[in-house]
Amino acid sequence: MAKRLSKLIAFFWLALLFSAFSIQASPFDSLSGKNKFLNVDSAFAFDFQQNNQQLTLKWSIAPGYYLYQHQIKIEPKSAELAPFTLPQAQTHHDNFYGETLVYTNSLDIPLTLTQASADAIVTVTYQGCAEAGFCYPPETRKVPLSALTSGETDSASSSASTTSTSASQPAATQESSTESLPFSPLWALLIGIVAAATPCVLPMYPLISSLILGSKQRMSLGRAFFLAFVYVQGMAITYTALGIVVAAAGMQFQAYFQHPAVLIGLSALFILLALSMFGVFTLQMPSSIQTRLTQWSNDQKSGSTFGVFAMGALAGLISSPCTTAPLTAILLYIAQSGNLLVGGGTLYLYALGMGLPLILVAVFGNRLLPKSGPWMESVKTAFGFVILALPVFLLERVVGDVWGLRMWSALGVAFFAWAFITSLKASASWVRVLQIVLLAAAFICARPLQDWAFGAPTASVLPSEGRFAYVSDVSELNQAIAQAKGKPVMLDLYADWCVACKQLDKETLSHADVVQALSGTVLLKADVTANEERHAQLLKQLNVLGLPSILFFDAQGKEIVEARVTGFMDAQAFHEHLKRHGIVH
């Protein structure tokens, strides 16, 4: 009897254990057949804790998953929050978004409530992806708050400034690895050297050198070097402070730098700056301010360490027409990093690059300077093309890779054509070889424009746009399936915030073999970028966990459950997947 009872107990526990595993299994497993991704609450477990005026938002992030920093939005209702800064994030490279800031493992955001009524809430929105190529729609959580008493409100108000200051400290100590800029700050050193060769700057160096050294006839090389170096450091201090201020301002609005309207606005500013370098108009500080700063600089004592340093610091505030555009372009550029170290360091290197020729003139005299001439105007124009590269980089995020390549092509053709025309004025024999190289480079750069205008002769990758019909809700999907007239249907669920969706669209769905295999299939696409209520209902109706997801429907309009694709799949694997499930023309 005891032996039989033991068997019954063991059977009971085995059955209970099996049931527990069955319950924990995701309902999406039956749809995908081999789903390897967690549901959103398991991937990003959200929690919060309030202790009087202190509120902490917490995420426990599963291994292999990450949250985007720029997608975190915190909005109080019937409550007020003290100014805060998001914790330091780490750099993550996306093939389509470039360098982005993300959080892994865990994330705690401490907040200070300065006011909260009885019905106060904080709405938290966040969005993340899996490293394996799968993204989740933005999630929104409402955090109910406990009301603050008058004493707690006063305490919160008195500590708000302290909280704001301490919250900004991690940002000040960010390493340069957190920058999200495509070019190294070391380029600023080269830009400074080139800016020094413009017609507004280079001829002034002998005059500036004489002002620094004073009227003394005999001065050792060491003393001349020291004074010139002090002048450059004074100028660099001004530029560095300016870079830190701009980077700090950009840090407060860093998330907005990904918005298309902001990217377009910044691109327009860069284009205007480039036009000023082409001589279309003159961009410089108002003459009244320049005159006053110049007078203050001239009042300093030449030859003295402090006087020379003050001259350099004031000179950093005086922008000539040739340097205003590149300086403004650099400031707008580093504002996107939100990194104080990158901002200050970039402007310091720029000032150092501009000061190197001055140090050479002060130590060795004017004989090292190249003779002034029309070549300096060419340097200024070339600077304009460098500035034009920045709007192309920014607009590429808005218009996509195809148009981005065409813009780079147009910029390359314009630059090499200008360089070729400019070289025709030279008579040296070696210039003929340079002209051949410039023409060849222009023809190479023109290839994407030729393919756009006349069509590519052959292509292994075809654009997916135009082959898909768009649906936005359940009713439109049902109507499109009903109108398929017995043909199989493929539904691609897509969003702009889904990196893997863009990769799937570019590398897989546009591949020639996949296009041929799907030629007899009705292709539908649902763009859920806006994450509206109808989009949420569509994802819920289809039991879609996240994106990208591709669903297939047979001739009767029923989903082929085992054919569902969740996450990124390359072209070869996707083609084999279509063959395996009989979805081939």
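Ile-244 lies in helix α8, which covers residues 221-252; helices here are DSSP runs of H or I with at least four residues, strands are runs of E with at least two, and both are numbered from the N terminus. The model is a predicted one, in which local features need pLDDT of at least 70 and side-chain atom pairs count only at pLDDT 80 or more, while totals for chains, interfaces and linings use all residues. Residues are numbered from 1 along each chain as its sequence is written, and side-chain values use heavy atoms, with hydrogens and water left out.

Leaving aside residues up to four places away in sequence, Ile-244 touches Leu-340, Gly-343 and Gly-344, where contact means heavy atoms within 4.5 Å. Ile-244 and Leu-331 are separated by 87 residues in sequence, yet their C-alpha atoms are 9.8 Å apart.

The UniProt record, in an unreviewed entry, places the feature "transmembrane region" at several spans, including 225-249, 405-424 and 431-449; such annotations may be inferred rather than shown by experiment. In the model, residues 405-424 are 95% helix and 0% strand, with end C-alpha atoms 29 Å apart, and for residues 431-449, also 95% helix and 0% strand, the corresponding separation is 28 Å.

Which residues form the largest nonpolar core, and with what contacts? A nonpolar core is a set of buried Ala, Val, Leu, Ile, Met, Phe, Trp, Tyr and Cys residues joined through side-chain atoms within 4.5 Å. The largest one has 34 residues, and those with the most contacts inside it are Phe-44, Leu-57, Trp-59, Tyr-65 and Tyr-136. Among the elements that each supply at least two residues of this core are α3 (40-43), β2 (54-61) and β7 (106-126), and β7 gives the largest share, 9 residues. Phe-44 touches, among others, Trp-59, Tyr-65 and Tyr-136. A second, separate core of 30 residues includes Val-471, Leu-491, Tyr-494 and Leu-539.

Over the whole protein there are 22 helices and 15 strands, and 44% of the 585 residues count as buried. Of the contacts between residues at least 6 apart in sequence, 76% join residues at least 24 apart.

Notes
Buried < 20%, exposed > 50% of the residue type's maximum accessible area, 1.4 Å probe, protein only.
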